[in-house]
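Hi,

Here is the structure I promised to pass on. Have a look at it first, and my notes follow below.

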Amino acid sequence: MNTVSAEYFFFKNLNEMWQFMAAKWREIASDAIEGKGYFAVAVSGGKTPVGFYQRLAAISGLPWSKTHIFLVDERFVPLFHPESNYGMLRENLLKKISIPAQNLHYISTLESSPSAAAEIYEEELRAFFKLPEGGVPEFDLILLGIGEDGHTASLFPGSEALKERKHLTAPVTLNRLLRDRVTLTLPVINNAKNVVFLVSGKHKAAVARKLLDEKDHSLPASMVKPEKGRLFFLMESEARAS
Ligand code: 6PG
């Protein structure tokens with residue numbers, strides 16, 4: 001049951017939003033490292049966070065050797081494909097920082113199918129977080145975006161993956177344009193200590209209205225309700241314009 005209410009922050013422009021997000025990243029990372037020795041973060045793909053990853057890459061003194069980066073979701077394309085989320089992250093952040101290879105937890109798309117890739121990613125999560133049977137990882141931070149149809153991660157309206165409660169990951173079958181995908185599931189997202197939605201651009205205003213004003217509970221993004229963590233909406237003012 002969600003007992004946590006969301007915290008909303010609005011920004012005049014992306015520059016201010018990224019500055020705020022970078023400070024939040026630093027604060028969450030240092031608390032996590034102080035507490036347990038490492039910071040575990042799952043990041044999203046898509047276009048919105050590109051500028052943020054570039055910003056992070058330019059900041060000195062971030063504790064990369066103690067940061068473990070996972071992906072929230074991945075399109076089932078080769079890692080060097082222009083639509084690969086890992087590829088985007090590599091180009092904008094990973095290749096510009098010094099981080100040990102074992103700290104990078106990508107979703108392998110070399111497997112025979114999205115289901116096989118989802119199983120392997122789930123095993124990786126179980127091993128990294130040393131999970132007992134039925135255990136769920138507790139990420140320090142999960143960064144999410146929102147699609148115009150209200151999807152988040154690769155949890156699309158009406159999809160089977162949205163109903164998954166047992167597995168940590170799920171394969172997602174979509175049309176050719178959207179690509180098949182692998183995604184973290186709601187139990188993982190809702191077990192995080194901090195979940196941040198990054199929302200920017202005029203084209204997101206309609207979905208933002210449905211989510212925040214009309215409280216449309218049918219949207220996948222509205223099912224993100226961290227059970228004990230904090231939920232933040234960071235929104236560029238354009239995305240909030242009526
Ligand atoms: C992806 C995502 C997805 C994304 C939204 C918003 O791989 O596409 O992880 O959930 O965050 O679709 O995408 P944009 O930022 O491109 O609008």
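Let me start at the ligand: one of its oxygen atoms has a backbone N or O atom of Gly45 at 3.4 Å. I call that a polar contact, meaning a pair of N or O atoms within 3.5 Å; within protein, one must be able to donate a hydrogen and the other to accept it, and residues adjacent in sequence count only if both atoms are side-chain atoms. Thr48 brings a polar side-chain atom to 2.5 Å from a ligand oxygen, and an N or O atom in the side chain of Arg75 is 2.4 Å from an oxygen atom of the ligand. The protein covers 90% of the 410 Å² of accessible area that the ligand has on its own (Shrake-Rupley method, 1.4 Å probe; for residues, only the protein chains shown count as cover).

Before you read further: this is a predicted model, so local features need pLDDT of at least 70 and side-chain atom pairs count only at pLDDT 80 or more, while totals for chains, interfaces and linings use all residues. Residues are numbered from 1 along each chain as its sequence is written, and side-chain values use heavy atoms, with hydrogens and water left out.

Back to the ligand. It is surrounded by 15 residues, and the closest are Thr48, Arg75, His151, Ala153 and Lys204 (a residue is near if one of its heavy atoms lies within 4 Å). That shell divides into two nonpolar, eight polar and five charged residues (Ala, Val, Leu, Ile, Met, Phe, Trp, Tyr, Cys and Pro count as nonpolar, Asp, Glu, Lys and Arg as charged, the others, Gly among them, as polar).

Now some single residues. Ser159 is in the loop between strand 6 (141-144) and strand 7 (169-172) (helices are DSSP runs of H or I, at least four residues, and strands runs of E, at least two, numbered from the N terminus). Ser159 counts as buried because its relative accessible area is 15% (buried is under 20%, exposed over 50%, partly exposed in between, with a 1.4 Å probe and protein chains only). Its side chain reaches the backbone oxygen of Phe156 at 2.9 Å.

Ala23 belongs to helix 1 (residues 14-36) and is partly exposed, at 45%. Its C-alpha atom is 9.8 Å from that of Leu56, 33 residues apart along the chain.

Tyr38 lies in the loop between helix 1 and strand 2 (39-43). Tyr38 is partly exposed too, with 23% relative accessible area, and 9.4 Å separates its C-alpha atom from that of Asp140, 102 residues apart along the chain.

Cheers
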